[in-house]
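Me: I have a structure open and would like to learn how to read it. Could we go through its features one at a time?

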Amino acid sequence: MIRLSEGGAYLINGTQIVEDSIQACGEIRSLTGRDITKEEAAGQTMAYGILKAHNTSGSMEKLKIRFDKLTSHDITFVGIIQTARASGLEKFPMPYVLTNCHNSLCAVGGTINEDDHMFGLSCAKKYGGVYVPPHQAVIHQYAREMLAGGGKMILGSDSHTRYGALGTMAMGEGGPELVKQLLNQTYDINMPQVVAVYLTGEPRQGVGPQDVALAIIGAVFESGYVNNKVMEFVGPGVANLSADFRIGVDVMTTETTCLSSIWITDEKIREFYEIHGRKEDFAELAPGEVAYYDGLVTVELDKIEPMIAMPFHPSNTYTVDEVRRNPYDVIADVEKQALVSLGGAVAYSLQDKVRDGKFCVDQGIIAGCAGGGFENICAAADILRGSNIGSGGFTLSVYPASMPIYMELIKNGCAAAILETGAVLKTAFCGPCFGAGDTPANNAFSIRHSTRNFPNREGSKLQNGQISSVALMDARSIAATAANKGVLTPATEFEGTWNHYRYYFDSQIYKNRVFDSRGVADPSVEIQLGPNIKDWPEMMELPENLLLRVTAEIHDPVTTTDELIPSGETSSYRSNPLGLAEFTLSRKAPEYVELAKDIQIAQKAVSEGKCPLEAKPELKEIMDVVKKQFPDAGAGNMGFGSTIFAVKPGDGSAREQAASCQKVLGGWANIANGYATKRYRSNLINWGMLPFLIDSGELPFHQLDYLFIPGIRKAVSKAQSEITAYVVKGNGLSPFTLRLGEMTEEERQIVLKGCLINYNRV
């Protein structure tokens, strides 16, 4: 079904694979009649060509990328624009689209959500952007319909910024990376490795894009096979997939932890652009005659079965039939993982989901950038037509990804077919994906065609004793399950008629409702600021020495950004840095906030010109121990704050708040065995936090210990790779080694200045 090569591979004429070996050169010569070096062939990938066209550094090893367009939603754009304003923003230098698909319901916090929306509209007018009102489109569907272009690059402040199926290399990053683009700076990365995803065959009826995506995620995630690499989709199987199908696979590549994605384009993608009135934005993309890839994922589409990602991660994959045949074995595995993910905070069991030998679910959701596409919903309508979901506890909600899709579903009758079953059709909204809508009942089990199923991401609150479960599935099998009154059912068992619906895109809704400045700024517009929208607090430069208190110690294999800063209703407070910070690590280490504030007292005293040891008397004893070995450490050269340890933090969302919330509470660093994503590490750096690495094994420190890091400012400025730090123990210091990993000169300067705002402040 899916195979991973142990090494690299060559793709010849877009069809033939030659795996890297000592015989490879001879095979290539016999197929092409010429010799080619690996370096030459590596330059023949689509990814290389697009990155080269957008690189400003002159070096294809050290890239400095300028993007063509930017996009953000209403959880992130306020903080981004506020940061850019503090750094001297006068005009958006490129098209910047502000969508409102996360805080759309305005259900929490009074006026604060709509205040954020009005802030966005006023900024689009003042700085020359595009504003998409609530309920019109989810961020990524609008980008597909109106922004993507062949050979272009788009940067979005949402991790699922993926438009590779349309020939656009797109990346999801934390807000500060968009700030850099707004300030005419660059996105700096080493040339990423490129992995070929070679598709063969054609999916069976009833198998959808989420099934293919979950199969790939399950195969590559744990090994990190594509981590921070570009996935390049090639092979004869691509031609057997519709544009919508490709889009549905592509958006889920984020869950592999890859950096970006790109696909070969053909007449089906040309037709997509023509349907959307943008035929000039199509570009035919394909690798060169001989292209070299750093890895190869072979996917036999005809062997993919309906899949399910059980709680609590998209990589926890099984076939739907596996769960049906062996429910108790699968449940035992999930419950074992729950002990790690939930830390025993609540009792967790799925035993009651098996009734009369059948696995039963409580809720179905088809929504967002992954599930809300036209073909997904039409296929669900075909399966549901003439059935009903019953009057029991099972519910089904469907969210078309944009109003143009919604309108076409009404015109072609699919909306009526869905509504007749007792299901609910709702407007474009990302809420079910991150816990701001359709939160299941306690102990309920929800199947969703959405992007993530992290613990409590669906909105349940562990700290309140709540837990519900989300499994990811394709819209087709969700519909089959709904038609079976909640009994888990693969769509391959559907024996009815599959219709073929043609999509007609009507842009009139956008023409009527979307504000588009066409790039013309109006400096006379006054920005509308609600009472919850606050400026970032002042942040000091990196001091010569640091004394850090370990305020959280997390030993889960991976820590998601949802665990660092919860999603859901807390998103309403994301325009208020200090207000949002109160929720930091609340689901994983509820004691963190108070511990961080407690040591921050000393740093605030320093900022106010007061004695930190008087503000925080317990530090006198700690500093006495430090001064025995470092007598010069003290007044004028010390910083005080907090740090956390996590094995591998940062999987999941691009939200910068996972780092900024720690920063505003006095965080100076993270210490980790590794970082799950490039974007989380970048968020730390852009907020002036040190992304320390420590070798795996027994930790030399534990929660509540104090760590002394001498000469840290000098170490950063001199680009030292290793730093000797000390655990303050009893009457002495116990040394251990920290590493910073590779940092660009700009990244070092940002950390030295204390954050990106300070670095750019005018």
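Predicted model: local features only at pLDDT ≥ 70, side-chain atom pairs only at ≥ 80, totals over all residues.

Me: How many bridges join strand 2 and strand 3?

Reply: In general, strands of a sheet pair through backbone hydrogen bonds, either parallel or antiparallel. Here strand 2 (residues 9-12) pairs with strand 3 over 4 bridges in the antiparallel sense. Within that pair, tyrosine 10 is opposite valine 18 in strand 3.

Me: What is the order of the open sheet of 5 strands?

Reply: Its order is 1-15-11-12-13, and the pairing is mixed. Strand 1 (2-4) and strand 13 (260-263) are at the edges with a single partner strand each, so one side of each has no neighbour in the sheet. The twist in this sheet averages 20° from one strand to the next. Strand 12 (residues 230-234) and strand 13 run parallel, joined by 4 bridges, and phenylalanine 233 has tryptophan 263 in strand 13 as its bridge partner.

Me: Which strands does helix 3 lie across, and which does helix 8 lie across?

Reply: Helix 3 (residues 46-54) lies across strand 11 (194-200), strand 12 and strand 13, and runs at about 125° to strand 12. Helix 8 (residues 209-220) lies across strand 1, strand 11, strand 12 and strand 15 (295-300), running at about 35° to strand 1.

Me: Which way do the residues of strand 23 point?

Reply: The general idea is that side chains in a regular strand alternate between the two faces of the sheet. In strand 23, Phe445, Ile447 and His449 point one way, while Ser446 and Arg448 point the other way.

Me: Why is strand 23 described as largely enclosed?

Reply: Buried here means under 20% relative accessible area. In strand 23 (residues 445-449), 5 of the 5 residues are buried, so the strand is largely enclosed by the rest of the structure. Strand 23 also has pairing partners: strand 20 (residues 363-366) runs parallel to strand 23 and is joined to it by 4 bridges, with glutamine 363 opposite serine 446. Strand 24 (residues 469-472) pairs with strand 23 over 4 bridges, also in the parallel sense, and there serine 469 is the bridge partner of phenylalanine 445.

Me: Which residues touch the most other members of the largest nonpolar core?

Reply: In soluble globular proteins, nonpolar side chains tend to be buried together. The largest nonpolar core here has 172 residues, and Tyr96 and Met310 touch the most other members. Helix 14 (residues 374-384) gives the largest share of this core, 8 residues. Another core, of 29 residues, lies apart from it and includes Leu580, Ala589, Tyr592 and Ala658. Leaving aside neighbours within four places in sequence, the contacts of methionine 310 include Tyr318, Phe445 and Val470.

Me: At what angle do the axes of helix 25 and helix 26 cross?

Reply: Two packed helices are described by the angle between their axes and the distance between the axes. For helix 25 (residues 657-664) and helix 26 (residues 678-686), the axes come within 8 Å and cross at roughly 30°. That makes the two helices roughly parallel. Their crossing is right-handed. Ala658, Ala659 and Gln662 in helix 25 meet Tyr680, Asn683 and Leu684 in helix 26.

Note on methods:
Residues numbered from 1 in each chain as written. Heavy atoms only, no water. Buried < 20%, exposed > 50% of the residue type's maximum accessible area, 1.4 Å probe, protein only. Pairing = 2+ DSSP bridges. Core = buried A, V, L, I, M, F, W, Y, C linked by side-chain atoms within 4.5 Å. Contact = heavy atoms within 4.5 Å. Axes fitted to C-alpha atoms, helices over the stretch in contact; angles between N-to-C directions. Parallel < 35°, antiparallel > 145°, perpendicular 65-115°, else oblique. Left-handed = near helix turned anticlockwise from the far one by under 90°.
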